[in-house]
Amino acid sequence: MKIIGTGRAHPSQVVTNAMLEQFLDTSDEWIKTRTGMSERRVISSEKLEDLASEAAAKAIEDAGLTAADIDYIICSNVVNEYITPGLSCIIQGAIGAKCACVDVNAACSGFIYALDMADDRIKSGKAKNILVVAAEEPTRMVDWKDRSLCVLFGDGAGAVVVTEGEGLICSRLTTVSKTDCLHYVRRLEPTPYITKEEHSAPMYMNGKEVFKTAVLSSSRDIKTLLSEAGLQPSDIKYYVLHQANMRIIEAIANWLKLDMSHFPTNVERCGNTSSASTALLLDELSREGKLQKGDKILLSAFGAGFTTGACIIEWTK
Ligand code: ACO
């Protein structure tokens, strides 16, 4: 497959570190030093489905197509207001497409899992033009009284349209079942037969454990893909990494012995937007004219599961 269109949508509400200082025992200095974040965009009056549909429509327009040309929709999403139907079905109705739709939940790695699935479907000849959306509202999973978590996240939606082509050089997906360090549990409806004790709790994250695992797993994925593609670290124009924390991105840049010009970021403005982060960043780069035909871009993400996804793409647009 190759990417032929990109789009994104952000919530209108900007929440700065100074605004968080007003109701949390935190400081702009702590947040900036530990995470690199200055502000984030947070869902307020909008619905995630509206942001997802806006990003999708922009990507389809950028691809020079119409919704009628889309023959499959994959949406990466962890939570939204609906448990069912999937967000992809809601997006389909909003943009006026008629194709089959499916959601994927691979946490923050979900956009890369979805790209990989799209590539398989195109290779199998079952679809030609696929819309891949990553839409996330992690700010709805955390306790806003918990300073260690709520400062980290932001919401948003990014999208791409892919079609037949030679744009995906290689990809790597990994999963290790490890639920203790990062999870979010929601209580379901009771039934007359439920006897086990159930609970609902905001997201739990062991930040230090996730930090370590993230740096190690992302570095390992990058090394594997570069070797598989026969490329040197400097052959990659941009490393589009999951925007979880600036220190994780800097640690990977140091390990690759590359300067930060290879590592575009939006974490300082958007916070951690889960699987939307890499999709948002790709659209920013494309619309700012920073991507030229032939550029090699490496995407790498990690998230709850523990999942990792990485791929090298060649920009063909
Ligand atoms: N403001 C002020 N102080 C705070 C805050 C805050 N917002 N949050 C925590 N602290 C305090 C803690 O209470 C602790 O105080 P203590 O030493 O008195 O106990 C101190 O700051 C240090 O806390 P640490 O947790 O040790 O801080 P650390 O340097 O590890 O940074 C962070 C925390 C930013 C969460 C970091 O561990 C991290 O980024 N981890 C990776 C998270 C990640 O990548 N998540 C993404 C995957 S999941 C997903 O994307 C959905």
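Predicted model: local features only at pLDDT ≥ 70, side-chain atom pairs only at ≥ 80, totals over all residues.
Author: Residues are numbered from 1 along each chain as its sequence is written, and side-chain values use heavy atoms, with hydrogens and water left out. Helices (H or I, at least four residues) and strands (E, at least two) are DSSP runs, numbered from the N terminus.

Reader: At what angle do helix α3 and helix α4 pack?

Author: Find α3 at residues 48-62 and α4 at residues 87-95. Their axes are 9 Å apart. Axes are lines fitted to C-alpha atoms, for helices over the stretch in contact, and angles run from 0 to 180 degrees between N-to-C directions. For α3 and α4, the angle is about 60°.

Reader: What does that make α3 relative to α4?

Author: Angles under 35 degrees count as roughly parallel, over 145 as roughly antiparallel, 65 to 115 as roughly perpendicular and the rest as oblique. That makes the placing of α3 against α4 oblique.

Reader: How many nonpolar residues are in the contact of α3 with α4?

Author: Contact means heavy atoms within 4.5 Å. From α3, the residues include Leu48, Ala52 and Ile60, and they meet α4 residues including Leu87, Ile91 and Ala94. By class (Ala, Val, Leu, Ile, Met, Phe, Trp, Tyr, Cys and Pro nonpolar; Asp, Glu, Lys and Arg charged; the others, Gly among them, polar), one residue is polar and one is charged. The nonpolar count is ten.

Reader: At what angle do the axes of helix α7 and α8 cross?

Author: Helix α7 runs over residues 207-229. Its axis and that of α8 come within 10 Å. They cross at roughly 40°.

Reader: How many residues in the contact of α7 with α8 are charged?

Author: Phe211, Val215 and Lys223 are among the α7 residues in this contact, and Arg247, Ile248 and Trp255 are among those from α8. Eight residues of the contact are nonpolar and two are polar. The charged ones number two.

Reader: Which residue in β6 does Ile74 stand opposite?

Author: Strand β4 (residues 72-76) is joined to strand β6 (residues 130-136) by five bridges. These two strands run parallel. Opposite Ile74 stands Val132.

Reader: In β13, what is the bridge partner of Leu298?

Author: Strand β12 covers residues 296-303, and strand β13 covers residues 305-314. Eight bridges join them, and they run antiparallel. The partner of Leu298 is Ile312.

Reader: How far apart in sequence are the parts tied together by Tyr239 and Phe263?

Author: The structure holds three aromatic pairs (rings of Phe, Tyr and Trp, its six-membered ring, with centres within 6.5 Å; planes under 30 degrees apart are stacked, over 60 edge-to-face, the rest tilted). Tyr239 and Phe263 have ring centres 4.9 Å apart and planes at 15°, so this pair is stacked. Tyr239 lies in strand β11 and Phe263 in the loop between α8 (246-255) and α9 (267-270), so the parts are apart by 24 residues.

Reader: Where is Pro85 placed?

Author: A cis peptide bond joins Thr84 and Pro85, with omega about 5°. Pro85 sits in the loop between β4 and α4.

Reader: What is the value of omega for the peptide bond from Gly305 to Phe306?

Author: Phe306 belongs to strand β13. The bond from Gly305 is cis, with omega near 10°.

Terms used. Pairing = 2+ DSSP bridges.
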